[in-house]
Amino acid sequence: MTFLEFKPLYQEAAVALSHPESQEEARVYFSHLRDLSLTGLRAGLNALIQHSSYWPKVAEWRFEAARAEARAAQASQAAMIASYEARREHERFIVCVDCQDTGWIFQNCPETDCGRRHTHGPHRYVVICPCRDTNAAYQASLARERARRGSDPTPEEARKIRERTERAVSDWRRLSGGQP
Ligand SMILES: [Zn+2]
Ligand SMILES: [Zn+2]
């Protein structure tokens, strides 16, 4: 985000919350908010304007922006999952043959070396499948688990979800032949 993009937002906030505008303050706010997305800041500002009447501190604006981004990330992930579940109703299919959408790959040592250096007998072990981040089926089960726990993502989690979702959605488009 650039200062030119941010400034109208600052001005809108000042007008809506009857706060005197200052170029210096706008610069300071910008320097502490510039890592956030314009969409997130706008959504955060809307929440501030609608629910409070005092001028937000930087941290309060950041908090509302992060919360708005988390909600948007959840909504976008929910849409991807719904699209996956809809297709799954019509046909049983798996996205990743390596892990069967469990996120884990089972291996047998010594056929596949487990990495232990001391002499040991044959055993099974699991490794994390690299598909996890972009596998719609795995993400769907993760989301069901999260819904079951009923917990909201932290802003850090939300950022990861957003990145993951963007990758997953593009993978999903490729897999489902262009269907959103
Ligand atoms: Zn996999
Ligand atoms: Zn072993």
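**Figure 1. Gly 40, Leu 41, Ala 43, Gly 44, Ala 47 and Leu 48 of helix H3 meet Trp 61, Glu 64, Ala 65, Ala 68 and Glu 69 of helix H4.** Contact here means C-beta atoms, placed from the backbone, within 7 Å. Sorted by class, the residues where H3 touches H4 are seven nonpolar, two polar and two charged (Ala, Val, Leu, Ile, Met, Phe, Trp, Tyr, Cys and Pro count as nonpolar, Asp, Glu, Lys and Arg as charged, the others, Gly among them, as polar). The axes of H3 and H4 are 7 Å apart, and the packing angle is about 115° (axes are lines fitted to C-alpha atoms, for helices over the stretch in contact, and angles run from 0 to 180 degrees between N-to-C directions). H3 and H4 are therefore roughly perpendicular to each other (65 to 115 degrees; under 35 is roughly parallel, over 145 roughly antiparallel, the rest oblique). Please keep in mind that this is a predicted model, in which local features need pLDDT of at least 70 and side-chain atom pairs count only at pLDDT 80 or more, while totals for chains, interfaces and linings use all residues. Residues are numbered from 1 along each chain as its sequence is written, and chains are lettered from A and ligands numbered from 1 in the order in which they are written.

**Figure 2. The whole fold has six helices and two strands.** These are DSSP runs numbered from the N terminus (helices are H or I with at least four residues, strands E with at least two). Starting at the N terminus, you can follow the elements as α-α-α-α-β-β-α-α. The protein has 180 residues, and 23% of them count as buried (20 or more other C-beta atoms within 10 Å; 12 or fewer is exposed, in between is partly exposed). Taking contacts with a separation of 6 or more, 71% are between residues 24 or more positions apart.

**Figure 3. Twelve residues form the largest nonpolar core.** Its members are Phe 6, Leu 9, Tyr 10, Ala 13, Tyr 29, Leu 33, Leu 41, Leu 45, Leu 48, Trp 61, Ala 65 and Ala 68. A core of this kind is a set of buried Ala, Val, Leu, Ile, Met, Phe, Trp, Tyr and Cys residues joined through C-beta atoms within 7 Å. At least two residues come from each of four helices: H1 (3-16), H2 (23-33), H3 (38-51) and H4 (58-90). H1 gives the largest share, with four residues. Elsewhere there is a second, separate core of eight residues, including Met 80, Ile 81, Tyr 84 and Tyr 138.

**Figure 4. H1 packs against H3 at an angle of about 0°.** The two axes are 11 Å apart. That angle makes H1 roughly parallel to H3. On the H1 side, the contact involves Glu 5, Leu 9, Ala 13 and Ala 16, and on the H3 side Leu 38, Leu 41, Arg 42, Leu 45 and Ile 49. By class, seven of the residues joining H1 and H3 are nonpolar, none is polar and two are charged.

**Figure 5. Phe 6 is a buried residue of helix H1.** What puts Phe 6 in the buried class? There are 20 other C-beta atoms within 10 Å of Phe 6. Leaving out residues up to four places away in sequence, Phe 6 touches Met 1, Phe 30 and Leu 33. Arg 42 is 36 residues from Phe 6 along the chain, yet their C-alpha atoms are separated by 9.4 Å.

**Figure 6. Ala 70 is a buried residue of helix H4.** The count for Ala 70 is 21 other C-beta atoms within 10 Å.

Figure 7. Most residues other than glycine have a negative phi, and most peptide bonds are trans. Look for Pro 110 in the loop between strand S1 (104-109) and strand S2 (123-128). Ser 18 is exposed, with 9 other C-beta atoms within 10 Å. Is Gln 100 exposed, partly exposed or buried? Gln 100 counts as partly exposed, with 15 C-beta neighbours inside 10 Å.

Notes:
Contact = placed C-beta atoms within 7 Å.
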